[in-house]
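Dear colleague,

I am handing over the structure below, and my notes on what was found in it follow directly after.

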Amino acid sequence: MSVTELTTSAQNYLKVVWGLSEWSSTPVTPSLIAQRIGLKLSSVSDGVRKLSAQGLLEHAPYGSVELTPAGRQYAVEMVRRHRLLETFLVQVLGYSWDQIHDEAENLEHAVSDFMVERIDKFLNFPTRDPHGDPIPSASGDIELPDAICLSELGPGHEVVIERISDDDPQLLKFFEKQGFRIGARLSVGQGAPFSGALEVLVGDAQKSVSLGDTAANALYVSRGSKPVCEV
């Protein structure tokens, strides 16, 4: 069965469960899903129960929510649609990277499997979307970049941006204005005492940018060819 045969609601739930666990080891709970989707906890709990009954999710009482093998297959299909659409919107239609998430959210439920494969071929089979997230292959394979959250790495390092979280469009605008892009090199220093901030130089810039926890948590970096850690 194609993911197009699932309801829009089911597609969203599966993709969100995948997204919450892709870059985090924090257990996925109905509360986290509710926060991400913007629904009441009672509605999410009901949705999780229905998808569990369909064999797409596993959820023990008071435990975490996990994808079954079938649920994972559909979730990866939705992630592939979303990230290919984001890439198409930027490369072909000239969208800025802070505009593409919501647009792709709407389009991903409407496009056919045939169109998804045509977009993939037209774009020459990209492996990363504009934010650095891996694009699953047609067979469902995903290769995460070796990267760690900048806030976990701390000062005193030369790193390369591998991924920028797209959760906050305003933060994306800030990063773009300051020159933070996928592949950009950063020199990371200590911020002002007691500020909890990092002072970051982008490329050959002469002036550093101060990043607090919110911004540092949105940047995933590596030391170029040498992995910082395994994700």
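Helix H1 gives the lining of the largest pocket its largest share, 7 residues (helices are DSSP runs of H or I with at least four residues, strands runs of E with at least two, numbered from the N terminus). This is a predicted model, in which local features need pLDDT of at least 70 and side-chain atom pairs count only at pLDDT 80 or more, while totals for chains, interfaces and linings use all residues. Residues are numbered from 1 along each chain as its sequence is written, and side-chain values use heavy atoms, without hydrogens and water.

The pocket is an open set of points on a 1 Å grid over the protein atoms alone where a 1.4 Å probe fits, with protein on both sides within 12 Å along at least five of seven lines, and lining residues have an atom within 4 Å of a point. The largest pocket holds about 1100 Å³, the space filled by probe spheres set on points joined across faces, edges and corners. Of its 41 lining residues, Gly 19, Arg 36, Arg 163, Ser 165 and Asp 167 lie nearest the centre.

The open sheet has 6 strands in the order E3-E8-E4-E5-E6-E7, paired antiparallel (pairing requires at least two DSSP bridges), with E3 and E7 as its edge strands. Between E6 and E7 there are 3 bridges, and Glu 199 stands opposite Ser 210 in E7.

As for confidence, pLDDT (the predictor's confidence in each residue, from 0 to 100) has a mean of 90 over the protein chain, with 96% of residues reaching 70 or more.

Best regards
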